[in-house]
Amino acid sequence: MNLGRFGGAILPRINLKWRRIAAQLSVVVAFLCIWQFVGMAYFTESGVFPTPTEVFSALVNEIPLDLLLRDAFFSVTRVVIGVSLAAACGVGLGALMGCFRTIEYLMSPMVEILRPISPIAWIPMAILWFGVDEGSAWFIIFMAAFFPILTNTVVGVHSINPVHRELARSLSLSKGLYLLHIVVPTTLPSLVAGLRIGLGIGWMAVIAAEMVAAQSGLGYFIQLNRFLLRSEWVLAGMLVIGVIGYSMNYAAMYVGRRLMPWARVDA
Amino acid sequence: MSHPGGQLEARHVSDSFPVEDGVLEVLNDITFSVSQGEIVGVIGPSGCGKSTLLRNLGGLRLPKQGRVFLDGEPVLAPSARVSFMFQEDSLLPWKTAEKNVAFSLIAGGCSAAEATERAREYLDLVGLAGFDDYYPASLSGGMKQRVALARALCTEPEVTLMDEPLGALDAELREQMQSEILRIQHRLKHTVVIVSHSIDEVVFLSDRVMVLGPRPAQIVEEIEICLPRPRPRAIRGSPEFLDLEANLWNCLATARENAGQSAGER
């Protein structure tokens with residue numbers, strides 16, 4: 001390991017890292033305290049405003065872990081499938097639009113009309129076409145994740161530095177080497193950003209889709225427990241959604257950093 | 001390392017760019033030649049087409065009229081015999097210093113192992129031994145231009161075309177890099193054409209300086225720089241150096257005045 005010039009600074013750095021984590025945790029704890037206090041002080045009627053302790057108790061003592069894990073697994077799988085499809089199409093079309101003016105010119109009005117349509121708005125048509133089944137969820141997630149991935153890819157390809165293009169020409173670079181060594185690394189940061197946004201929006205969409213168009217998953221879990229009037233369970237489900245979303249974003253950032261050791265990947 | 005060729009010749013080179021309301025004439029009938037191993041400085045008012053001339057010389061851009069010849073062969077496209085060093089930071093941010101240098105070798109069909117070895121050798125030559133694994137983001141401006149220099153030289157080109165390579169550096173670093181360029185050129189003996197807007201820089205570096213007039217640029221003066229080589233940094237203080245500087249300054253000023261007059265006549 002090369003400690004190099006920063007060798008002497010490693011210890012304070014570790015301290016700084018832990019201090020940061022402690023500070024962040026204390027904000028979470030403060031929030032939970034306020035929530036607990038408000039719940040206990042103003043909502044005496046049970047079930048209307050479950051306190052953190054009630055939610056945690058439901059999570060630990062009442063909700064069967066295998067049920068929760070199963071639903072989480074379904075949701076995550078759907079997102080992975082839907083976002084992967086969106087990534088394949090979005091990156092493909094985005095690369096074409098970024099490389100060829102004509103394709104961008106032809107496609108952009110179409111894209112700009114479809115883009116503002118909320119993925120939720122596709123739910124009725126999705127059910128009509130795919131039924132209350134996996135296909136519906138995949139389709140809705142696809143519609144949610146596709147556009148941010150597409151637009152970020154286009155922006156990425158457009159951001160090629162003219163001097164790098166000039167350099168490539170002066171080296172008589174082959175098309176393949178140009179693509180591999182110039183276009184791909186230039187596009188990578190905004191592509192990863194697009195995938196992260198796509199994953200985030202896809203994760204929101206899957207919950208919405210499952211509330212209406214599925215018989216499993218965390219969205220279904222929430223909807224079901226709403227009908228069963230188990231509001232602690234609903235909040236526990238939401239908590240799990242938040243934690244998984246956070247983890248997915250963190251994982252995407254980690255992958256981004258590993259892919260691009262030269263660049264800063266910000267939250 | 002010997003350079004069999006590197007004799008560069010521009011014959012009646014004229015170039016222009018299309019603009020909204022017609023054509024912008026940039027270069028007007030430029031003819032000159034650079035011998036093998038010579039360092040020629042090109043200076044002129046900003047926007048006069050120095051960079052365009054350089055791109056013509058290297059085949060990055062074909063002139064509208066006239067032609068460039070390298071050892072008697074017409075230059076129709078970029079070739080491995082000619083390398084460029086650009087004004088802006090042209091390093092690839094996603095490659096380490098070593099990979100940046102090796103890249104131009106790999107582009108030329110070199111094996112990865114050989115490219116790495118040569119890249120290290122040239123990083124060493126420009127004084128960056130030990131910085132192989134640094135990404136450009138963690139290198140200073142001067143170090144980045146050293147990497148760019150190593151990249152421009154490692155393919156052992158016969159001609160190196162430099163477009164204000166030190167323009168972004170501060171005075172101190174500039175002088176340091178100028179000496180570095182001379183030291184390395186003295187070793188490799190390649191032909192160099194360097195575009196600059198700094199009079200001091202072209203006098204210090206060149207065997208000969210071409211002064212371009214305002215757009216559309218013609219060669220208004222050609223000045224031999226009869227300073228001995230190798231040139232120590234202290235040479236800048238010598239009367240000969242200062243004379244040459246004053247002379248060049250006058251040439252540029254006259255060119256600018258003439259341009260002002262002809263513009264006034266219209």
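**Domains and backbone features**

In chain A, the centres of domain 1 and domain 2 lie 29 Å apart, taken over C-alpha atoms. This is a predicted model. The domain assignment of chain A places domain 1 at 1-42. Domain 2 of chain A covers 53-259.

Turn now to chain B, and to its cis peptide bonds. One joins Arg215(B) and Pro216(B). Its omega is about -10°. Where does Pro216(B) lie? Pro216(B) is in the loop between β9 (208-212) and β10 (219-224) of chain B.

Follow chain B past β10. The loop between β10 and α7 (239-265) holds Pro230(B). The peptide bond that leads from Arg229(B) to Pro230(B) is cis. Here omega is near -5°.

Next come residues with positive phi. Glu156(B) is not a glycine, yet its phi is positive, near 50°. Glu156(B) sits in the loop between α4 (141-153) and β7 (159-163) of chain B. A buried residue would need 20 or more, and an exposed one 12 or fewer.

Glu164(B) also has a positive phi, near 40°, and is a residue other than glycine. Its place is the loop between β7 and α5 (171-188) of chain B. Why is Glu164(B) classed as partly exposed? Because 19 other C-beta atoms lie within 10 Å of Glu164(B), and a residue is buried if that count is 20 or more.

Note on methods: Residues are numbered from 1 along each chain as its sequence is written. Chains are lettered from A and ligands numbered from 1 in the order in which they are written. This is a predicted model: local features need pLDDT of at least 70, side-chain atom pairs count only at pLDDT 80 or more; totals for chains, interfaces and linings use all residues. Domain bounds come from an automatic or database domain assignment. Helices (H or I, at least four residues) and strands (E, at least two) are DSSP runs, numbered from the N terminus.
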